[in-house]
Each structure stands twice: as structure tokens, then as C-alpha cells.
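Work through the exercises below with the model open beside you. Try each task before reading its solution.

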Amino acid sequence: NVTGTVAIANGGTGNTTSRGAYVSNKSNRQQHLNGSQTTYYLTSGIEYSVFSPFENPVFVGVLPDNPAVGDEIVFLNGWNTWITGRFSIMRGSPNHSINGVTDSIVFDTNDVRLVRLTYVWSNIWVLTLE
């Protein structure tokens, strides 16, 4: 965890702090998904920003089928485009559950800004919302 101002060296890569320590945090890797692809196989350690407006096909994110305990995937709703049910999460394995439910999750509200999925144990994903 880094607190306070983080100075980045001129021409640097963004991987150093003011003390020169390397910051390695998988959840900081980001990828933008624009909803033009209907099914996307997700990768652990990525923070996805999802843009899926009404004119695009419904976006389906498929969780990894063989995750490791502690793997995490994050979704951001920065464009308020989930209210039309344009975004859903599918289990990668039929044996997996998300918060105890063995079904896909469909988002139909813009009140959710961030979704975090964490693989906590054998076949168990935990979904938290912010």
C-alpha cells in the first residue's frame, strides 16, 4: 500500500515510488471492454472497465475455469451502461458458485460502480459490490 504523494520519475515506467520501491499489484492492471464483443474470457488480476451501451450486444464476461485461491477480477461501471441488463458474468466451470448461486449474474442497475470477484476456495467465487 502506498499513501501520500507518489512521485514518478521523468520518463519512468510508473513502477517506482518516491522511495524507488517497485509497486507490484495485479489489480492495478487495467483493460477496457467496449461491449462490441459478446463473450469475453476473463483473466484474473485485471481491473476491467466495461462500456456496454444499449446499441451494443449484451456483454458476457466468462470467469476462469481453473482459478487459484486468491485470484481476483474487478469490473468498473464508469459509463452507467449496466442498467439495461447489458452486462453479465458467467461461471467458467459448472461446479463453481458465485455467492452460493450456481447461475450467471446479470447486472441491471447503475447503482453499482465496482464489482469485485474473488476466488476464495474450491469452486467458490465471492462477489462484492461498491
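Two strands count as paired if DSSP finds at least two bridges between them. Strands (E, at least two residues) and helices (H or I, at least four) are DSSP runs, numbered from the N terminus. The model is predicted, so local features need pLDDT of at least 70, side-chain atom pairs count only at pLDDT 80 or more, and totals for chains, interfaces and linings use all residues. Residues are numbered from 1 along each chain as its sequence is written, and side-chain values use heavy atoms, with hydrogens and water left out.

**Exercise 1. Strand E4**

Task: Find the strands that E4 is bridged to, and decide whether its two faces are covered or open.

Solution: 
- Step 1. Take E2 (residues 39–41). Three bridges join E2 to E4, and the two run parallel. Thr39 has Val60 as its bridge partner in E4.
- Step 2. Turn to E6. Four bridges join E4 to E6, again in parallel. Val62 is partnered by Met90 of E6.
- Step 3. Check each face of E4 (residues 59–62). Phe59 and Gly61 are buried on one side, Val60 and Val62 on the other, and both faces are covered. Buried means under 20% relative accessible area, exposed over 50%, and partly exposed in between (1.4 Å probe, protein chains only).

**Exercise 2. The salt bridges**

Task: How many salt bridges does a search of the whole structure find, and which residues are linked in a network?

Solution: 
- Step 1. Set the cut-off. A salt bridge needs a side-chain nitrogen of Lys or Arg within 4 Å of a carboxyl oxygen of Asp or Glu.
- Step 2. Count. The search finds two.
- Step 3. Inspect one pair. Arg116 meets Glu72 at 3.2 Å, N to O. Arg116 lies in strand E9 and Glu72 in strand E5, so this pair ties together parts 44 residues apart in sequence.
- Step 4. Inspect the other. Glu130 bridges to Arg116, with the closest N and O atoms 3.7 Å apart. Glu130 sits in the segment after E10 and Arg116 in strand E9, 14 residues apart, and the pair links distant parts of the chain.
- Step 5. Join them. Glu72, Arg116 and Glu130 form a network of salt bridges.
- Step 6. Classify exposure. Arg116 is partly exposed because its relative accessibility is 23%. Glu72 is partly exposed at 24%. Glu130 is exposed at 55%.

**Exercise 3. The nonpolar patch**

Solution: 
- Step 1. List the members. Val69, Val120, Trp121, Ile124 and Val126 make a patch of about 440 Å². Patch residues have over 30% relative accessible area and no salt bridge; like charges are joined within 9 Å, nonpolar side chains (Val, Leu, Ile, Met, Phe, Trp, Tyr) within 5 Å. Areas come from the Shrake-Rupley method with a 1.4 Å probe; for residues, only the protein chains shown count as cover.
- Step 2. Assign strands. E9 (114–121) and E10 (124–129) each supply at least two members.
- Step 3. Compare two members. Trp121, in E9, is exposed at 57%. Val126, in E10, is partly exposed at 31%.
- Step 4. Check a contact across the sequence. Trp121 and Val69 are 52 residues apart along the chain, yet their C-alpha atoms are separated by 5.7 Å.

**Exercise 4. Positive phi**

Task: Where do Asn80 and Asn123 lie, and what is the phi of Asn80 and of Asn123?

Solution: 
- Step 1. Recall the rule. Most residues other than glycine have a negative phi.
- Step 2. Asn80 has a positive phi, near 55°. Asn80 lies in the loop between E5 (72–76) and E6 (87–90).
- Step 3. Asn123 also has a positive phi, near 70°. Asn123 lies in the loop between E9 and E10.
- Step 4. Asn80 is partly exposed at 37% relative accessibility, and Asn123 is partly exposed at 28%.
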